[in-house]
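Try each task before you read its solution.

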Amino acid sequence: MTAQSPETPAASQVLDRVLVLEMVRVTEAAAIGASRLIGRGDEKAADAAAVEAMRAAFNELYMDGTVVIGEGERDEAPMLYIGEKVGSAPGAGPRIDIALDPLEGTTITAKAGPNALAVLAVAEEGGLLNAPDVYMEKLAVGPGYPAGVIDLDKSVSDNVRAVAAAKGVAPSDIVVCVLDRARHEAMIAELRALGCGIRLIPDGDVAGVIAVTNEDTGVDLYMGSGGAPEGVLAAAALRCVGGQFKGRLLFRNEAERNRARKWGITDFNKIYDLNDLAKGDCIFAATGVTDGSLLDGVKIRKNGVMTTDSVVMRASSGTVRWVKGEHRGTR
């Protein structure tokens with residue numbers, strides 16, 4: 001197949017190399033915080049532990065950070081709310097926009113299921129879309145495909161056939177990741193009719209989208225609707241490795257449209273591309289909370305050492321680093 005050759009963004013002086021690895025420390029802290037609640041059945045407590053640990057880690061960094069996608073608006077979240085300032089140098093350090101999900105997969109964590117992550121993306125000020133907390137229709141494919149191989153205005157079958165043709169395989173050889181939701185029943189039936197492999201996931205569509213970036217997962221496509229903020233996080237990851245993403249906001253009522261207007265969105269039918277969601281240089285980091293297809297979860301060894309498994313990516317360099325961590329004195 002013909003490889004896509006996307007324009008590589010210039011390296012940002014704001015997002016310097018030191019900050020790349022600092023982002024891993026932040027997701028590690030959140031993952032470790034949440035790990036103490038794995039399998040305990042308390043979603044809120046697990047999320048709160050991750051949020052508190054992530055915020056504390058952010059505030060150790062020399063930066064002037066603003067949360068543009070977070071735990072909700074200020075009246076909905078006590079910390080890491082949209083608009084909150086983080087970092088140790090407000091008004092002095094580099095100005096950075098942050099999209100985050102301290103615990104992507106709260107239900108997964110409470111039930112000790114797979115693929116729970118602590119995730120974040122950072123960019124220079126104005127680099128990340130202020131996505132409202134509504135649903136987004138999503139379509140994603142990994143690197144190495146010709147530009148425009150996926151199209152939200154085309155049918156499920158047409159998109160599968162286009163990717164299969166570019167890959168040089170039959171549509172029945174394509175594996176599609178889909179959130180296991182009743183709203184996806186018609187999509188799943190259409191995929192079954194094509195003979196596709198379907199990987200149904202209970203939660204965690206950031207992990208689902210990212211799965212298309214790594215051939216070892218066996219996932220070719222991601223399809224379906226999920227949270228719009230998670231779409232921005234996933235798009236940041238794809239920006240770093242050259243994949244493709246299409247997203248369209250879905251509104252159930254006028255209240256959701258008003259929420260979108262608050263963040264400057266007026267075209268309710270717009271199809272968002274990667275550069276609409278995460279532009280310029282950006283960094284994406286994730287640490288596994290529970291074991292998954294991409295990352296191992298936090299482990300507690302007999303000697304009290306906690307181990308973490310993380311990935312960090314940068315758009316300007318196309319670099320992907322896999323980071324194994326050992327943490328002492330964290331219990």
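A polar contact is a pair of N or O atoms within 3.5 Å. Keep in mind that this model is predicted.

**Exercise 1. Helix α2**

Task: Find what reaches the backbone nitrogen of Lys-44 at the start of α2. Then check the length of α2 and list its buried residues.

Solution: 
- Start with the contact. A side-chain oxygen of Asp-42 comes to within 3.4 Å of that nitrogen of Lys-44.
- Next, the length. Helix α2 covers residues 43–58, which makes 16 residues. At 1.5 Å a residue, the span should be 22 Å. The end C-alpha atoms lie 23 Å apart, so the two values agree.
- Last, burial. The buried residues are Ala-46, Asp-47, Ala-50, Val-51, Ala-53, Met-54, Ala-57 and Phe-58.
- In an α-helix, residues three or four places apart point the same way, because each turn takes 3.6 residues.

**Exercise 2. The largest pocket**

Task: Describe the volume and lining of the largest pocket.

Solution: 
- The volume is about 810 Å³.
- The lining has 35 residues; Asp-101, Asp-133, Gly-227, Pro-229 and Glu-230 are the closest to the centre.
- Elements that supply at least two lining residues each are α2, β3, α3, β8 and α7. β3 gives the most, with four.
- By class, the lining holds twelve nonpolar, eight polar and 15 charged residues.

Methods: Residues are numbered from 1 along each chain as its sequence is written. This is a predicted model: local features need pLDDT of at least 70, side-chain atom pairs count only at pLDDT 80 or more; totals for chains, interfaces and linings use all residues. Side-chain values use heavy atoms; hydrogens and water are left out. The expected span of a helix is 1.5 Å times one less than its number of residues. Buried means under 20% relative accessible area, exposed over 50%, partly exposed in between (1.4 Å probe, protein chains only). A polar contact is a pair of N or O atoms within 3.5 Å; within protein, one must be able to donate a hydrogen and the other to accept it, and residues adjacent in sequence count only if both atoms are side-chain atoms. On a 1 Å grid over the protein atoms alone, a cavity is a set of points where a 1.4 Å probe fits but cannot get out, and a pocket is an open set with protein on both sides within 12 Å along at least five of seven lines; lining residues have an atom within 4 Å of a point. Grid points are joined across faces, edges and corners, and a volume is the space filled by probe spheres set on the points. Ala, Val, Leu, Ile, Met, Phe, Trp, Tyr, Cys and Pro count as nonpolar, Asp, Glu, Lys and Arg as charged, and the others, Gly among them, as polar.
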